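Hi,

Here is the structure I said I would pass on to you.

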Amino acid sequence: MAQNLISAIAWVSRGYAIKQPKEFDLDEEEINQMKQDKLINKNLTQDLGKIQEQDEDSSEDNLPVFCQDLEMHGKQQLPEDGYPVAIEDLSDEEKEDYQIKSSDALVIAAKIENEFSSLEVYIYEEEKANLFVHHEIQLSAFPLAVEWLPIQPGQVESTSAVKGNYAIVSSFLPEIEIWNLDVVNVLEPSMVLGGEIEQNYKKVKNLKKQNKKSYKPDSHTDSVLSLSLNSFKPNILLSGSADHSVKLWDLMLQKCVFTYNHHKDKVQISKFNTKEESVILSGGEDGKLCLFDARSPDSIHQHKMLGSLESACWDPIKGYQIAYSTEDGNLILLDARKISEQPLANFNVNKKALSSVHMSSGVPGLLATTCLDGKIRVYDTDAPIKNGQLQLISSYNPKLESLYCGQFYQDSPWTYGCGSSQGELFVWDMQESQQIVSHFSNRVAPEQRPKVDECTSKNTDDLCMKEREEIQKMEQEDKEDMEEGGFQEEENN
């Protein structure tokens with residue numbers, strides 16, 4: 001595994017992030033409590049004593065970071081909006097970068113860099129095609145999945161959820177963390193679902209018992225591999241784990257409300273349907289893709305997968321189609337109403353793993369895959385299927401080595417983001433592709449159609465000649481790769 005990669009991403013809808021994120025999630029009462037803490041006061045007194053002999057102008061620079069923050073809050077009250085005084089010292093240009101505009105798109109990227117794990121919150125300025133990290137949240141374990149949460153967990157006003165901006169993160173730990181994205185220097189998650197119970201092993205006499213782990217009630221007992229938020233009720237979360245279970249969580253009650261145990265191995269995929277709020281799709285290393293209603297867990301429809309599962313998604317517009325990809329490069333399209341029957345499409349894209357498959361929520365039939373060969377491929381699931389293959393419309397190579405976790409932006413149906421093995425986030429505005437636009441634009445409302453210059457090629461009936469040549473070249477390369485893989489397999493046999 002690469003030592004620097006982005007393992008998962010999630011887009012944040014516009015209008016949820018506050019304009020000026022807080023630097024610290026501390027109110028005056030918490031600050032006063034910290035100031036009364038004997039240990040903190042002792043350390044702060046020692047630090048202040050050490051710098052009294054130094055020049056007054058440089059004394060503040062010599063304070064430890066934590067003491068600087070505490071001293072800053074101790075000297076003056078917090079502003080009414082909780083915005084830290086330190087930000088006032090920024091230049092006008094820095095303040096402008098720090099502020100989040102209503103037109104900005106935000107992306108959460110779960111990242112590992114060497115031995116450090118974090119969430120990077122990116123701002124993507126669509127008009128300028130400008131992408132940069134706004135702030136970062138340190139994590140304690142390698143992140144495996146991330147979901148964006150548009151409500152405040154655990155809080156309800158008048159039986160309705162309170163608007164919020166949070167990230168739900170799962171990792172190699174048997175717990176799920178929820179982080180406030182509106183706080184820049186957030187110190188701990190706002191909520192933790194499940195996980196181990198901390199024990200005082202000094203009181204344990206039997207040494208053998210020290211290796212026995214205890215978990216919170218209804219917690220996962222192994223890594224949490226997948227997450228899915230219900231689009232109808234955003235307080236309902238679905239999770240799949242290496243402990244072979246799928247769990248249903250209520251974020252308002254802060255607990256697991258149901259556990260499904262129909263898989264016999266690690267559960268890699270768990271997805272809510274986008275059209276039917278109680279319909280669930282799950283897939284595991286036991287080779288089964290399962291479809292069931294959350295209210296009738298005993299009635300499960302199964303599909304025997306054609307390879308080791310890598311990724312899966314629902315068609316967000318039709319609602320009854322499922323696309324999934326495999327470790328050996330297969331792309332399969334299913335009709336959920338006939339899940340036990342033959343797939344609608346089943347073909348090999350590349351001999352390397354198709355790491356993600358995702359569909360646009362605003363452009364019918366627009367499906368994109370990422371692959372460990374570094375290419376993004378765009379298909380049309382609504383076009384006639386020939387020889388079991390979806391129609392390939394375009395491909396793009398951002399030259400970032402292997403690609404992972406591709407996802408369309410829900411607020412901009414032509415915008416697509418993915419993470420790479422180089423630890424970089426890549427965002428592709430598909431409106432820049434004449435080939436994609438000319439093929440799909442007639443399926444969206446006129447006001448959503450991108451304005452792209454007409455192709456100057458003589459071949460204006462269908463696709464731009466230049467892009468057509470690129471597609472043919474890419475198809476030939478994939479064909480040669482597959483033939484080479486076949487020859488090698490024969491030689492090995």
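Below is what turned up, starting with how to read the numbers.

This is a predicted model, with local features needing pLDDT of at least 70 and side-chain atom pairs counting only at pLDDT 80 or more, while totals for chains, interfaces and linings use all residues. Residues are numbered from 1 along each chain as its sequence is written, and side-chain values use heavy atoms, with hydrogens and water left out.

Salt bridges

How many salt bridges does the structure hold? There are 12 of them, a salt bridge being a side-chain nitrogen of Lys or Arg within 4 Å of a carboxyl oxygen of Asp or Glu.

I'd begin with Lys-318 and Asp-382, whose closest N and O atoms are 3.0 Å apart in a salt bridge. This pair ties together distant parts of the chain, 64 residues apart. Lys-318 sits in the loop between strand E17 (309-314) and strand E18 (321-326), and Asp-382 in the loop between strand E23 (376-380) and strand E24 (391-396). (Strands, E, of at least two residues, and helices, H or I, of at least four, are DSSP runs numbered from the N terminus.) Lys-318 is partly exposed at 31% relative accessibility, and Asp-382 is partly exposed too, at 32%. For these labels, buried means under 20% relative accessible area, exposed means over 50%, and partly exposed is in between, with a 1.4 Å probe and protein chains only. The two residues also belong to a network of salt bridges that links Lys-318, Asp-380, Asp-382 and Arg-443.

Another salt bridge joins Arg-337 to Asp-335, with 2.9 Å between the closest N and O atoms. Here Arg-337 is exposed, with a relative accessible area of 58%, whereas Asp-335 is buried at 10%.

Then there is Lys-288 with Asp-286, a salt bridge at 4.0 Å from N to O. Is Lys-288 buried or exposed? Its relative accessibility is 18%, so Lys-288 counts as buried, while Asp-286 is partly exposed at 23%.

Surface patches

Glu-285, Glu-310, Glu-327 and Asp-328 form a negative surface patch. Patches are made of residues with over 30% relative accessible area and no salt bridge, joining like charges within 9 Å and nonpolar side chains (Val, Leu, Ile, Met, Phe, Trp, Tyr) within 5 Å. Asp and Glu count as negative and Lys and Arg as positive, with His and the chain ends not counted; the place of a charge is NZ of Lys, CZ of Arg, CG of Asp or CD of Glu. One member, Glu-285, lies in the loop between strand E14 (279-284) and strand E15 (288-293) and is partly exposed at 45% relative accessibility.

A nonpolar surface patch of about 260 Å² is made by Leu-253, Val-257 and Phe-258, with accessible areas from the Shrake-Rupley method using a 1.4 Å probe and only the protein chains shown as cover for residues. Phe-258 is in strand E12, and at 37% relative accessibility Phe-258 counts as partly exposed.

Backbone details

Which residues have a positive phi without being glycine? Ala-129 is one of them, with phi at about 55°, and Gln-254 is another, with phi near 60°. Ala-129 is in the loop between strand E3 (116-125) and strand E4 (130-139), partly exposed at 48%. Gln-254 is in the loop between strand E11 (246-250) and strand E12 (255-260), partly exposed at 45%.

Ser-7, in strand E1 (residues 4-12), is buried at 19% relative accessibility. A polar atom of the Ser-7 side chain lies 2.7 Å from the backbone oxygen of Pro-143.

Pairs far apart in sequence

Pro-217 is in the loop between strand E8 (191-194) and strand E9 (224-229) and is exposed, with a relative accessible area of 72%.

Glu-277, in the loop between strand E13 (267-272) and E14, is partly exposed at 35%. C-alpha to C-alpha, Glu-277 and Ser-231 are 7.3 Å apart in space, and they are 46 residues apart in sequence.

Happy browsing!

Note on methods. Polar contact = N/O pair within 3.5 Å; in protein donor to acceptor, adjacent residues only side chain to side chain.
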